[in-house]
Amino acid sequence: MITRRAKEILQEVQEYVRLCVAAVRGIGSGPWYFRDIVQQFDAIGLGSMTVVVLTGFFTGAVLALQTGMTLDQFGARPFVGRLVSASMVKELGPVLTGLMLAGRVGSGIAAEIGSMVVTDQVNALRALGTDPIRKLVVPRVLAGTLMAPVLTVIADTVGIIGGWLIATVQLRVASSLYWTSITEGLYVQDAWMGLIKPFVLGFVIVTTGCHVGLRTTGGTQGVGRATTNAVVIASVMVIAVDFFITRLLFTLIY
Amino acid sequence: MPGAAAAPPPRQTPAGATVVVAFEEVSLAFDEKVVLDGVSFTLEEGHTKVFLGASGAGKSTILKIILGLLKPDGGEVRVLGAPVHHLAEGELMRVRGDLGMVFQEGALFDSLTVGENVGYKLIEEARLPIEEARPRIEEVLGFVGLGAFIDRMPSELSGGQRRRVAIARAMAAKPRVLLYDEPTTGLDPMTATTVDDEIIKLRDLENVTSILVTHQLRDAFYVATQEAVRRNGSVVFEPASTAKADEAEFIMLKDGRVHFEGNAHALRESTDTYVRTFLS
């Protein structure tokens, strides 16, 4: 029983890796389906803007609110900007954007591809001479991987603005002091970390959604299961992968 | 097709006809369940093969193996001369260029219009500009009598219309072989006949080799015993000549094996208990 389960998991991982390799290969060599690529940039990028902006804003705001009180105990209230920006750029921006994308994009991809699988549309694609990896996976991987850093930068920016609003209105920190503490406290390495992370997380979220979607079985019930699985797996992966990249980047660039 | 040209030439039967599909001792099992167990048959160009059998007898599996969507565990499968049982996905794409498949329930792409569905292969794979593909799309939609539906979405169609659009999509790129997976299941007899008529028209007027998988006996016999002819500019259906009817062969599968093979007449006259039960 345990060996069978272990075998299943290994098989799943093997299939996932195979899909990732095929996707990367598909990006490098044609044919490309440009209409689908543009559509996915629109759906994943622009479509996720609202949720990312809202998440970023409130995270920045609550961060300023919470840390303001703690910093007060050390008489360090003016440093609130530094704390908000460092947390947003290095950690919360990428991770929370990743989690939002896992919920919105990962589930959407799994549901869409999953229902295409159970209604034979994916087989129909293959029968019509189309490689589903190039048609379905490559556009989503391109859009997810390239739009996640863009969305993260937006979340960071909006978060810092949210923090500024709380810092100036509630905590009575001078606006100039807030911005100076940000520019003094942020290093180039932080920016790199803030950009590399979402790049990897975007890839992980989208490929997870595609993998789970393509392996859907069992009709409409199976699609429901695939959607839930995609969100759960992608969310856990976001947190876990974030830890490992952080560890790796600390060794490499700091 | 470049791939088909690179493959060995299609086998010739003693009579000189081209063998389009040949199965030799093909077997396939999913875990412990045996789906196909040593199935052999050949199909000549322009002929029809009808697969009958209970649900789960392995009928649809045969179509998926022909397309290379599934790989058999053993045996040889030659489609238009190409050994699809051991071709890689990239090479299979070339073989599939000559094949068309009508899936159960149609499997139309929900996000595309009827016209885009029908012209999918021309626009997305042959990379034709939409205005160049449009005449062919209109032609095939006209062929299945749905010319007015070109800009509709698949969700707006009835079950029968979906199947006919699926047939139009499969025939748009002029395949040499068309595979039909339960094209009339779930349709009322009247609508089913309109779908059957399309199958007959494609076979007799466009010389498309057909493989039909079904458990609808009425439709199977209708396709095997009717013939489409063009008369005074319109298409009429009439009982097929004996020679024409002989070009349609039935194969009944039971427990993954070929249980019966023969024409419509032989099937009707069969005294085999299983065949009799199935026909009654």
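Glu249(B) forms a salt bridge with Lys49(B), and their closest N and O atoms lie 2.7 Å apart. By salt bridge I mean a side-chain nitrogen of Lys or Arg within 4 Å of a carboxyl oxygen of Asp or Glu. The pair links distant parts of the chain, since Glu249(B) sits in strand 11 (residues 248–254) of chain B and Lys49(B) in strand 3 (residues 48–52) of chain B, 200 residues apart. Helices (H or I, at least four residues) and strands (E, at least two) are DSSP runs, numbered from the N terminus.

Are these two partners buried or exposed? Glu249(B) is partly exposed, because its relative accessible area is 27%. Lys49(B) counts as buried, because its relative accessibility is 2%. The cut-offs are these: buried means under 20% relative accessible area, exposed over 50%, and partly exposed in between, with a 1.4 Å probe and protein chains only.

Before I continue, please note that this is a predicted model, in which local features need pLDDT of at least 70 and side-chain atom pairs count only at pLDDT 80 or more, while totals for chains, interfaces and linings use all residues. Residues are numbered from 1 along each chain as its sequence is written, chains are lettered from A and ligands numbered from 1 in the order in which they are written, and side-chain values use heavy atoms, leaving out hydrogens and water.

Let me turn to chain A. Chain A has nine helices and zero strands. The C-alpha trace of chain A spans about 65 × 45 × 35 Å along its principal axes. Of the 254 residues in chain A, 48% are buried. Contact, here and below, means heavy atoms within 4.5 Å. Among the contacts in chain A between residues at least 6 apart in sequence, 85% join residues at least 24 apart.

A search of the whole structure finds 31 salt bridges over all chains. In chain A, one of them joins the side chains of Lys197(A) and Asp242(A), at 2.9 Å from N to O. This pair, too, links distant parts of the chain: Lys197(A) belongs to helix 8 (residues 188–214) of chain A and Asp242(A) to helix 9 (residues 219–253) of chain A, 45 residues apart. Lys197(A) counts as buried because its relative accessibility is 0%, and Asp242(A) counts as buried because its value is 8%. Another salt bridge is formed by Asp131(A) with Arg134(A), whose closest N and O atoms are 3.6 Å apart. Asp131(A) counts as partly exposed, because its relative accessibility is 23%.

We now come to the place where the two chains meet. The size of an interface is often given as the accessible area lost when the parts come together. Chain A and chain B bury about 1800 Å² between them, 51% of it on carbon and sulfur atoms; this buried area is the accessible area (1.4 Å probe) that two parts lose on being put together, summed over both. The contact takes 19 residues from chain A and 22 residues from chain B.

How many salt bridges are there between chain A and chain B? The count is four. One of the pairs in a salt bridge is Arg35(A) with Glu124(B), at 3.6 Å from N to O. On the side of chain A that touches chain B, helix 2 (34–45) and helix 5 (121–127) of chain A each supply at least two residues. The largest share of that side, six residues, comes from helix 5 of chain A.

Asp120(A) is placed in the loop between helix 4 (80–118) and helix 5 of chain A. Asp120(A) is buried yet has no salt bridge, and the nearest side chain of opposite charge, Lys64(B), is 4.2 Å away; for charge, Lys and Arg count as positive and Asp and Glu as negative, while His and the chain ends are not counted. Not counting residues up to four places away in sequence, Asp120(A) touches Lys64(B), Phe103(B) and Ala107(B).

Ala107(B) is found in the loop between strand 6 (99–102) and helix 4 (114–118) of chain B. Ala107(B) counts as buried because its relative accessibility is 4%. Leaving aside its neighbours within four places in sequence, Ala107(B) is in contact with Thr119(A), Asp120(A), Gln121(A), Ala124(A) and Arg169(B).
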